[in-house]
Structures are given as C-alpha cells and as structure tokens.
Amino acid sequence: MNTNPLTPEVLSVLERLSTINRGFFTFEEGMKLFEEASLAMAGGSGYAIEVGSYCGTSTAFLGFAAKATDGFVVSVDHHLGSEENGPSWESFDQSLYDRERSTINTLSRFRSLIYSLSLDEYVAPITASTRVATNFLRDRADFIFIDGGHGEEVAFNDYFSYAPLVRRGGVLAIHDVFEDPTKGGRPPFEIYTRAVTSEQFTHVTNLGSLYFLRRR
Ligand SMILES: C[S@@+](CC[C@H](N)C(=O)[O-])C[C@H]1O[C@@H](n2cnc3c(N)ncnc32)[C@H](O)[C@@H]1O
C-alpha cells in the first residue's frame, strides 16, 4: 500500500462533502467504504467499480482507496439522476437542474470534485447507463459498490449485471439496505437478500444501511 492519502486537509474536505452534495452518503459511511475497498483492492488487482456516482461523494472515498493501493475505480452513472432526484421529490437539488433538457445533470459537479481532489489518475468516470456500461465492463473487480437507481427494476438489473463481476474473495457493497420497511425503500434490501440467499455471497459487515458481502 502507498502512504495514507487521507491527510488532515483531505479529511476536512471529505467531512464537508456530504452536506455539499445533499447528504446521500455520510462521512462515516465514506470512511467505512474507504477501509473495505482499500482492503479488497490491496488483496487483488486494485480494481473497483461504483454504480451511481451522483456528485461524487462516495466516489471520492473510493478514489482515495484507489490512490492508497495504486489501483483505480470506474464510476458509472448516466448523470441524469434517479427518479427520486426529480423536481417533485424531497431530494431534488435545484442547482443541478438543466431546464433545457428538463432533467438534472450531475456530471459537471462530479468532474469538478474529482479534479479538485486530484483524483483524476485514480477515477475513470463512465457516463452511461448500467445496461450500456456492462456491455464492455468484463474484467473481474476486487470491489463493487452498488448505489444506483433504487427502483425495483433498476436495482435488480444492477445486481444481476454487476454481482457476477466481483472476483472470488472480492467484496460487493450495497447502499440503503433497510431491513425495516418504514426506514427506506425495499429494492436495495431485496438485492442484498438475493445475494446472501444465492449462496454466492456471505455477509461480512455493515455500517447502518451500508452492507458488505464477500464473494465465495
Ligand atoms: C443515490 S444516487 C448515488 C449517490 C452517490 N453514491 C453519492 O455518494 O452521493 C444514484 C445515482 O444513480 C444514477 N442512476 C440511476 N439509474 C441509473 C442507471 N440505470 N444507469 C446509470 N446510473 C443510474 C443516478 O443518476 C444517480 O446519480
């Protein structure tokens, strides 16, 4: 592993990110993601995939895991937002809205963040839907983080497309897994359940709704 890239200056930027980017991903979750991704990447080829970049909060933590292990992370998002990022939802961010296209557009905010953290050499953005990206992402990854659309069809499509790409002994992470249906939507919990009942994955650990599974 390289020297720890999480200097006090970097940590203080990362601490503020969740607030800047509307709190989809907390600092504590980010640190856990960094830790688990660093371990998995150090034990393999140093390759991670993220599904659902949004404005780059989680990507930044994965980018630093890549930097710590001399690896790289591919981050997939069409950057048009999920249904829950739309104007009628509470997580809507007016400043990301593209009036001409009547859609949100997170690409520019994402690129600025990765550039400002000097992570360009470690983060490869793919601006495409999951369906398109998985047509050419074929190599096995050490670590895959699923945090894309949370609707049933999109979440299951992400699971079926990306879970087979986790190498043996590698880690699949899923965000927004809520056992209690009053705390959040079902699809992330359902894909987590699908993974453990498939007998291809075993539960490793979790921090709140951020779950980690190891590929057998
Ligand atoms: C919950 S946000 C991701 C949050 C992000 N991980 C963070 O740390 O803030 C979900 C993202 O998934 C993307 N998304 C939804 N459906 C998608 C699809 N079918 N293909 C690619 N990206 C998709 C959206 O554009 C949105 O940016």
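**Note on burial, helix packing and the ligand shell**

1. E199 has 8 C-beta neighbours inside 10 Å and so counts as exposed (12 or fewer other C-beta atoms within 10 Å of its own, with C-beta atoms placed from the backbone; 20 or more is buried, and in between is partly exposed). E199 sits in the loop between helix 7 and strand 8 (201-207). Its phi is near 65°, which is positive although the residue is not glycine. Helices (H or I, at least four residues) and strands (E, at least two) are DSSP runs numbered from the N terminus.

2. The model is predicted: local features need pLDDT of at least 70 and side-chain atom pairs count only at pLDDT 80 or more, while totals for chains, interfaces and linings use all residues. Residue numbers start from 1 along each chain, as its sequence is written.

3. Is H79 buried or exposed? It counts as buried, because 21 C-beta neighbours lie inside 10 Å.

4. G71 is in the loop between helix 3 and strand 2. With 25 other C-beta atoms within 10 Å, G71 is buried. Apart from neighbours within four places in sequence, G71 is in contact (C-beta atoms, placed from the backbone, within 7 Å) with M41, G46, Y47, A48 and A66.

5. Helix 1 (residues 8-20) packs on helix 3 (residues 57-69) at an angle of about 155°, and their axes are 9 Å apart. Helix 1 is therefore roughly antiparallel to helix 3 (angles over 145 degrees; under 35 is roughly parallel, 65 to 115 roughly perpendicular and the rest oblique). Axes are lines fitted to C-alpha atoms, for helices over the stretch in contact, and angles run from 0 to 180 degrees between N-to-C directions. From helix 1, L14, L17 and S18 meet T57, A60 and F61 of helix 3. By class, this contact of helix 1 with helix 3 has 4 nonpolar, 2 polar and no charged residues. Ala, Val, Leu, Ile, Met, Phe, Trp, Tyr, Cys and Pro count as nonpolar, Asp, Glu, Lys and Arg as charged, and the others, Gly among them, as polar.

6. Which residues of helix 4 (residues 107-116) are buried? They are R109, F110, L113 and I114. Down the axis of helix 4 these fall within an arc of 130°, so they line one face; the arc is that of the directions from the helix axis to the C-beta atoms. An α-helix has 3.6 residues a turn, so residues three or four places apart point the same way. S108, S112, Y115 and S116 are exposed on the other side of helix 4. The cover over its buried residues includes helix 3 and strand 5 (123-126). Just after helix 4, S118 has a positive phi of about 55°.

7. In helix 6 (residues 152-162), the buried residues are A155, D158, Y159 and Y162. They lie within an arc of 95° as seen down the axis of helix 6, so they line one face of the helix. Strand 1 (47-51), helix 5 (130-136), strand 6 (141-146) and helix 7 (187-197) are among the elements that cover them.

8. There are 21 residues around the ligand, and F25, G52, Y54, S58 and G149 come nearest (a residue is near a molecule or strand if its C-beta atom, placed from the backbone, lies within 6 Å of it). The shell around the ligand divides into 6 nonpolar, 13 polar and 2 charged residues.

Definitions and conventions:
Contact = placed C-beta atoms within 7 Å.
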